[in-house]
Amino acid sequence: MSTNEHERVNYIDGDWKKPESGRTLSVINPADQKEIGTVHLSGKEDVKSAVETAEEAYHEWRRTPVTKRIQYLFHFKNLLEEHIDELAKVITNESGKTYKESVGEIRRGIENVENACGMPTMMQGFNNEDIATGIDEHMIRQPLGVVAAITPFNFPVMIPLWFLPYAIAAGNSFILKPSEKVPMSARYIIALLQKTDLPAGVVQLVNGDKEAVDELLENPSVKAISFVGSTAVARQIYSKGTLHGKRVQAQGGAKNMVVVLPDADLNMTTRIVVDSAFGCAGQRCLANSLAITVGDAKKPFTDAIKEKAAGLKVGYGLDKSTEMGPVITPDSRQRVEQFIETGENEGGKILVDGRGKKVENYGDGNWIYPTIMDEISPDSSLAKTEVFGPLFGLMHVDTVEDAIQLINSQSYGNMACLFTSSGAAARQFRYEANAGNIGINIGVAAPMAYYPFSGWKDSFFGDLHAQGHHAVEFYTQTKVVIERWSRDWGRTF
Ligand code: NAD
């Protein structure tokens, strides 16, 4: 290992390189605030060099048969499986989530690698013979060229894998710009990919922040951008990327509501909703952050969730008994605390207060324990703003129609959930709720790899989502060929 290996964080042209910009950030373990690494940030020139290499590699890669392209992914999948324990520890140490949650996200990522191995059939086109006598028409799918993904901190392995496998299986070359808060997980998976002997330049890793992203958005050789992050940035990325003539899919933030009907199974509902609200310390884009109880569900659900949330074991994610880890940064903790204060000022009533608590031996961590606030007013900022932390709100209405109306008045549309034993209520809900991912007796309605991750409204900007057939369409362009071939030419011309 060379002395400056930790500086060589970018993977360009099949080798690890040190970014030229000279700017660095510390990588911090959220459980104890100790520095666990440094990330060197890329400047424009670093990104330009990655794009040039990707473009060169693309010309060979798109000519590589799809059946051969997916062999690298089979190998990659096996390597991910073999290294799942070590990789999960890397995720936990830089993101704060529990070991079990880290393993879970790797599994969801692997599903996408597996699914992309179906590319030989998924990217097939269609055809008609004799659209006129002796004339045939075909639609074929071709890759776009160089494509890039910009990803957030909260799923440092799964989210890059929403994009990378589909992009390269379809014949594109791919650039990943991971969150600067969690660069080590991305580095780990790219190092595994390197072991597959994937040709140099097909996948590149550039670490960085806005400066690197701006170059990706402006560089004319980058044909498509996949983004996942907060709504404010997603909106900017979508506007700027499309202005520069690129395809863009930009997934944004969320404020996910869960409706609890009086006929719901109380034990199951409480267990699932607590997991959704406080799993990953509330830092999932599919976290339930507000419950709307209907009619008589109010008291039993409020009592049950209060008890269950207050009993969660908070701590360092690698301690086996830990059920909830810290939030990502001290700023995030302060932001959640600020929301609790704002909620109180807006008339909310604190039932479980997670402020001011510390975990033994991890006193410096970004701890904020599960917090539950009742009587959230539909007009309050807490009802409308993404908190992204372990703060769960309760609202109460009389009918399922009132609950659906509250959901539909939201600017976000990532997910809406219903807990009930009524098929009729479930059908009404899935038909009328304006959100792209619906859970019925499910708290985290995360689509499997072979379904699109269907955010709506301010949770998504674009047309084609991540995963499944949408990914195949996003990373390919259609070409239609109309052709005439005739055995009679010798006679007719
Ligand atoms: P973020 O928006 O701060 O950062 C996401 C990415 O954008 C990072 O790679 C970051 O370096 C880059 N970035 C940040 N500011 C930028 C700017 N001004 N210009 C260009 N690039 C910029 O998001 P985060 O804090 O890392 O992640 C949390 C957010 O992501 C939450 O809002 C969450 O809901 C959302 N999220 C959404 C989904 C989804 O599927 N819709 C999934 C996961 C996370």
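What follows is a short chat about a predicted model, its ligand and its cavities.

Me: Before anything else, what kind of model is this, and how are residues numbered?
Reply: The model is predicted, so local features need pLDDT of at least 70 and side-chain atom pairs count only at pLDDT 80 or more, while totals for chains, interfaces and linings use all residues. Residues are numbered from 1 along each chain as its sequence is written, and side-chain values use heavy atoms, with hydrogens and water left out.

Me: OK, which residues come nearest to the ligand?
Reply: Lys177, Glu180, Ser230, Gln251 and Glu386 come nearest, out of 29 residues around the ligand, where a residue counts if one of its heavy atoms lies within 4 Å.

Me: And which polar atoms lie by the ligand's oxygen atoms?
Reply: A polar side-chain atom of Lys177 lies 2.7 Å from an oxygen atom of the ligand, and a polar side-chain atom of Ser230 likewise lies 2.7 Å from a ligand oxygen. At Gly229 a polar backbone atom is 3.3 Å from an oxygen atom of the ligand; a polar contact here is a pair of N or O atoms within 3.5 Å.

Me: How much of the ligand's area does the protein cover?
Reply: The protein covers 88% of the 850 Å² of accessible area that the ligand has on its own, by the Shrake-Rupley method with a 1.4 Å probe.

Me: Which elements supply the shell, and how do its residues divide?
Reply: Helix H8 (210–218), strand E10 (222–228) and helix H9 (231–243) each supply at least two residues, with helices being DSSP runs (H or I) of at least four residues and strands (E) of at least two. The shell divides into 14 nonpolar, ten polar and five charged residues, with Gly counted as polar.

Me: Switching topic, how many cavities are there?
Reply: The count comes to six cavities of 30 Å³ or more, a cavity being a set of points on a 1 Å grid over the protein atoms alone where a 1.4 Å probe fits but cannot get out. About 110 Å³ of space lies in the largest cavity, where the volume is the space filled by probe spheres set on the points.

Me: What lines that largest one?
Reply: Of the 16 residues lining the largest cavity (an atom within 4 Å of a point), Gly282, Arg284, Ala287, Ser289 and Phe388 are the closest to its centre. Strand E13 (288–294) and strand E16 (391–397) are the elements that give two or more residues to this lining.

Conventions. Polar contact = N/O pair within 3.5 Å; in protein donor to acceptor, adjacent residues only side chain to side chain. 1 Å grid on protein atoms, 1.4 Å probe; cavity = no way out; pocket = protein on both sides within 12 Å on 5 of 7 lines; lining within 4 Å.
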